[in-house]
Amino acid sequence: MSKPNLRTRLFLSHMIVMVVGLSTLITVGKIYTPRLFLVHLEQLQGIDFSVVRIKGRLIDGFESAWSRGAFWSVVVGGTTAIGLSYWVSKRIMQPLIQMEEITQRFAAGHLEERVPENEIPELNRLAESFNRMAQDLEGVEQRRRDLVGDLTHELRTPLTVIEGYLEGLADGTIEPSADIYQRLVKETVRLRRLVNDLQELSKAEAGYLPIHLQPLAIRPLLVAIVQKFSDQLMEDSPTLSVDCPESLPLASADPERVEQVLINLVGNALRYTPQGSITLRAWTELEQVWIAVEDTGQGIKPEDLPHVFERFWRSDRSRDRHSGGTGIGLAICRRLVELQKGTIEVESEVGKGSTFRFSLPIVAEKSKLLSLRE
């Protein structure tokens with residue numbers, strides 16, 4: 001059985017107060033007033049009962065009895081009503097006061113504070129909403145601390161390297177050479193990449209990154225990505241190929257952002273696939289266009305798979321900073337795919353390779369026909 005809401009409780013409490021007051025007035029008037037009037041009649045005994053003679057005294061007696069009855073009715077009814085109103089108000093205000101105290105402690109930095117359940121449905125829903133908000137804010141604060149810690153950790157290594165080389169060059173313990181300057185340039189490039197990736201991720205997570213959705217043909221984009229990377233590969237590098245049907249429907253996506261996601265995924269696959277093959281595959285499933293980057297590289301451990309899209313996370317095989325990764329690329333990919341109303345997933349097996357795939361919605365039939373006419 002559902003509990004009455006706050007509006008019903010307030011209405012019933014006022015009705016009860018009104019009924020109690022009227023009942024008290026009627027009861028006291030019915031019981032007490034006749035007795036008082038009877039007392040006045042007894043005082044008239046021994047007097048010659050002439051209506052004309054005792055008319056005034058009867059009226060005065062009745063008015064006196066009624067006044068006393070009304071007085072005690074007001075006293076008893078008012079006291080009862082005030083007590084009942086105070087009790088109902090206290091029952092309603094107590095959880096609100098408790099919630100205010102908890103919110104003040106929460107605002108002071110005690111993010112673990114939570115509002116307990118309440119028997120009033122509206123207040124209980126308010127408590128649940130506050131607790132969800134508190135949990136989200138606690139998670140945001142924890143991620144902020146993790147981000148600061150991870151960012152400090154990531155910046156410390158290149159800064160330490162640059163500082164060491166510069167101090168050595170300044171005091172003469174290190175001889176200037178092209179190799180030394182190349183190392184300094186390499187660390188500076190890592191810092192620039194880290195800052196750029198952080199800026200890109202912050203814009204994406206805050207929703208400030210512009211997304212221009214339009215009908216997009218997937219196959220030409222995949223062919224262009226493969227051609228771009230193939231021109232830079234050595235003879236012993238993995239082979240790149242495309243597996244995409246010519247009749248693949250158009251996707252509703254931002255071409256630049258999809259290309260950015262694919263470049264990140266293909267670059268990540270090349271980094272951890274010394275030899276073998278990398279295939280860019282596309283297909284349709286449930287009104288979605290799916291794009292996958294499959295490699296035959298080192299793979300990812302099962303316990304690491306849930307964390308691959310987290311900021312600054314690297315598995316054991318990819319914690320090496322000399323690989324050139326910043327640990328933010330996959331987090332950027334996930335956010336870019338989500339902004340285009342898609343999802344991104346990963347499957348992997350150690351020693352056999354990984355498959356990163358993401359979906360994009362198929363463009364509406366009307367938009368598709370218009371794009372084909374153009």
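**How many helices and strands make up the secondary structure of the protein?** The secondary structure comes to eight helices and seven strands; helices (H or I, at least four residues) and strands (E, at least two) are DSSP runs, numbered from the N terminus. This is a predicted model, in which local features need pLDDT of at least 70, side-chain atom pairs count only at pLDDT 80 or more, and totals for chains, interfaces and linings use all residues. Residues are numbered from 1 along each chain as its sequence is written, and side-chain values use heavy atoms, with hydrogens and water left out.

Figure 1. Of the 374 residues, 34% count as buried; buried means under 20% relative accessible area, exposed over 50%, and partly exposed in between (1.4 Å probe, protein chains only). The protein exposes about 23100 Å², and carbon and sulfur atoms supply 57% of that area. Accessible areas come from the Shrake-Rupley method with a 1.4 Å probe, and for residues only the protein chains shown count as cover. Among contacts (heavy atoms within 4.5 Å) between residues at least 6 apart in sequence, 71% join residues at least 24 apart.

Figure 2. A nonpolar core is a set of buried Ala, Val, Leu, Ile, Met, Phe, Trp, Tyr and Cys residues joined through side-chain atoms within 4.5 Å. Of the 46 residues in this one, I218, V258, L262, I291 and F358 touch the most other members. Helix α6 (residues 255-271) gives the core its largest share, seven residues. Leaving aside residues up to four places away in sequence, I218 touches L248, A251, A282, V289, I291 and L360. Another core, of eight residues, lies apart from it, with I102, L111, V115 and A127 among its members. As a general note, nonpolar side chains tend to be buried together in soluble globular proteins.

**Figure 3. Helix α7 and the residue K341 that follows it.** In α7 (residues 329-339), the buried residues are L330, A331, I332, C333, L336 and V337. C333 counts as buried because its relative accessibility is 0%. After the helix comes K341, in the loop between α7 and β6 (344-349). K341 is not a glycine, yet has a positive phi of about 65°. With 64% relative accessibility, K341 counts as exposed.

**Figure 4. E287, in the loop between two strands.** Look for E287 between β4 (277-284) and β5 (288-295). This residue is not a glycine either, and its phi is positive, about 60°. E287 is exposed, because its relative accessible area is 61%.

**Figure 5. E187, a glutamate in helix α4.** Is E187 buried or exposed? At 8% relative accessibility, E187 counts as buried. The residue lies in α4 (residues 178-206) and touches P158, V161 and I162, not counting residues up to four places away in sequence.

Figure 6. F71, W72, V75 and V76 make a patch of about 360 Å². F71 belongs to helix α2 (residues 51-107) and counts as partly exposed, at 49% relative accessibility.

Definitions and conventions: Patch = residues over 30% accessible without salt bridge, like charges linked within 9 Å, V, L, I, M, F, W, Y side chains within 5 Å. Salt bridge = Lys/Arg side-chain N within 4 Å of Asp/Glu carboxyl O.
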